[in-house]
Amino acid sequence: MLLEFLGAAHEVTGSCHFVQSGGKNLLIDCGMEQGPDLYENQEIPVNASAVDYVFVTHAHIDHSGLLPLLYSHGFRGQIFATKATCELCNIMLKDSAHIQMFEAEWRNRKARRAGRPEVTPIYDMDDAIGVLQHFVPCAYDTQIEVCENIRIRFVDAGHLLGSSSIELWTTEDGQTRKLVFSGDIGTGARPLIRDPEYIREADYVIMESTYGNKLHAAPPDYAVTLAEVIRDTFIRGGNVVIPAFSVGRTQELLFFLRRVKSEHLLPGFEDFEVYVDSPLSIEATNVFHKNNSVCFNEEAKELIASGINPIRFDGLKTSVTSDESRAINFIKKPIVIISASGMCEAGRIRHHLKHNLWRRDSTIVFVGYQVPGTLGNFLLNGAKQVKLFGEPVEVNAKILNLPGISGHADKQQLTDWAGAFAQNTPKKFFIVHGEDHVTDDFAAHLQQTYGYQAQAPYSGDAFDLLTGLQVKQGQRKRKEIHIKTTKASTNVFARLLAAGERILAVIHKSEGRPNKELGKFADQINALCDKWSR
């Protein structure tokens, strides 16, 4: 029974953990890294076709974004997630594929003109659509028998619509171990979604630590704060531009802006318009509406019961097409623009930044965590000039970070979540999903506070869950590994190798089938080899 750490080990993004038990290979999350790598991640230790199940904590791309790549390399197993997570992944993974295909085409136009090698996206729309057929929607708080010796349960983590902590029971050689994967833990008292639920028993806990070294400021009244920012900007004649994650943060902003309207917090500008420029945000908002009875908190349900839509209001505009998006930047009056991506690494927000960063009358408002190395992080840290679409852009706009509007629990909230296990002390806490030093510091904090055995594993570290012993040590040398574009031939060749490994995996699983079938399979493989060896 093995637990191996792959992604988000001493790093914040790219969550991925591997469990091997009873002849089954499991992944908990399969996320994409955002921003520069600090450590080279261990690859999944088995071929993608040998992965039997994936359990997804929530739909954010840093937890789900490499599922289409897994599919393109031969994965054909089942993916278990809450119903809302399945619906959000349906739009987010397609959007991710679209962005990568679009950016690859844009880079290739430049490469062709310069005589440089072309690049290819790591996966395409066919891969995204293909992997979506393997999702299995699940209810909260229901124990699910995945197969013999493996059971799971999804518990609300209060981070995002459909987000969950995952309880995993696995049995091998007559011994059962319970693992709890925290996923991303919410702050509680959030608009729309419910508070995180505590879990009280586990043998091993794999826990996030994004804000494990920080305490959130006492949250302001965000509707009032937003109204002040908008008033100040509109008086100057500029736009308020808000980079926001399409799923979760955009809907929360709409909740606060509805209050600005309904409570008349912006006298003199009461007819102000808000443009949501993100097809993904619009689709995600529809998913929120569909899941309100299961995932919304009591306040939001009471608004709905009284006939009030908590995230719609007069003056709310949406843009879907590229022409509608471009037209926003020709509007003469001051407006609020909400667009993705939240870290400014891709999507339409980069166009709005290009049109507003140089303006002294505009304000850019950040409302979420910015991974070091991303454009959003550079702007928050005082960049005076940035490059957008190959052109330098001066940063003259006012740059604000709205304090406390975070989807991640802070140090005290994380400590309280971990404290729920105090009466049934787990064998060990593994601290992941945090910046390099934060993971170590928070592990030491749990040891000091509760006496827990806690450590921050590195990518490639592996543990025998029956004995509790570490059986493999991963890479510990910290180095900056910048994200590089990949030559098309290299990426496609890797896909070909994965396909070959998948054939081998299928061959091994075919042992014991009738000789006639095995002979036919061998003839088909040989014919294929004959064709390509000429």
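Reader: Which helix holds Arg112?
Author: Arg112 is in helix α3, which covers residues 83–114. Helices here are DSSP runs of H or I with at least four residues, strands are E runs of at least two, and both are numbered from the N terminus. The model is predicted, so local features need pLDDT of at least 70 and side-chain atom pairs count only at pLDDT 80 or more, while totals for chains, interfaces and linings use all residues. Residues are numbered from 1 along each chain as its sequence is written, and side-chain values use heavy atoms, with hydrogens and water left out.

Reader: What does Arg112 touch?
Author: Not counting residues up to four places away in sequence, Arg112 touches Glu105 and Glu118. A contact means heavy atoms within 4.5 Å. With Glu105 there is also a polar contact of 3.2 Å between the side chains. A polar contact is a pair of N or O atoms within 3.5 Å; within protein, one must be able to donate a hydrogen and the other to accept it, and residues adjacent in sequence count only if both atoms are side-chain atoms.

Reader: Why does Arg112 count as partly exposed?
Author: Arg112 counts as partly exposed because its relative accessibility is 44%. Buried means under 20% relative accessible area, exposed means over 50%, and partly exposed lies in between, with a 1.4 Å probe and protein chains only.

Reader: And how far is Arg112 from Pro45 in space?
Author: Their C-alpha atoms are 37 Å apart, and the two residues are 67 apart in sequence.

Reader: Changing topic, where does Ser246 lie?
Author: Ser246 lies in the loop between β12 (240–243) and α6 (249–262).

Reader: Is Ser246 buried or exposed?
Author: Ser246 counts as buried, because its relative accessibility is 6%. Leaving aside neighbours within four places in sequence, its contacts are Gln251, Ser278, Leu280, Ser281, Ala284 and Ala340. The side chains of Ser246 and Ser281 form a polar contact of 3.1 Å.

Reader: Now the whole protein: how many helices and strands are there?
Author: The protein has 16 helices and 23 strands. Of its 534 residues, 54% are buried.

Reader: What box do the C-alpha atoms fill?
Author: Taken along the principal axes, the box is roughly 80 × 65 × 45 Å.
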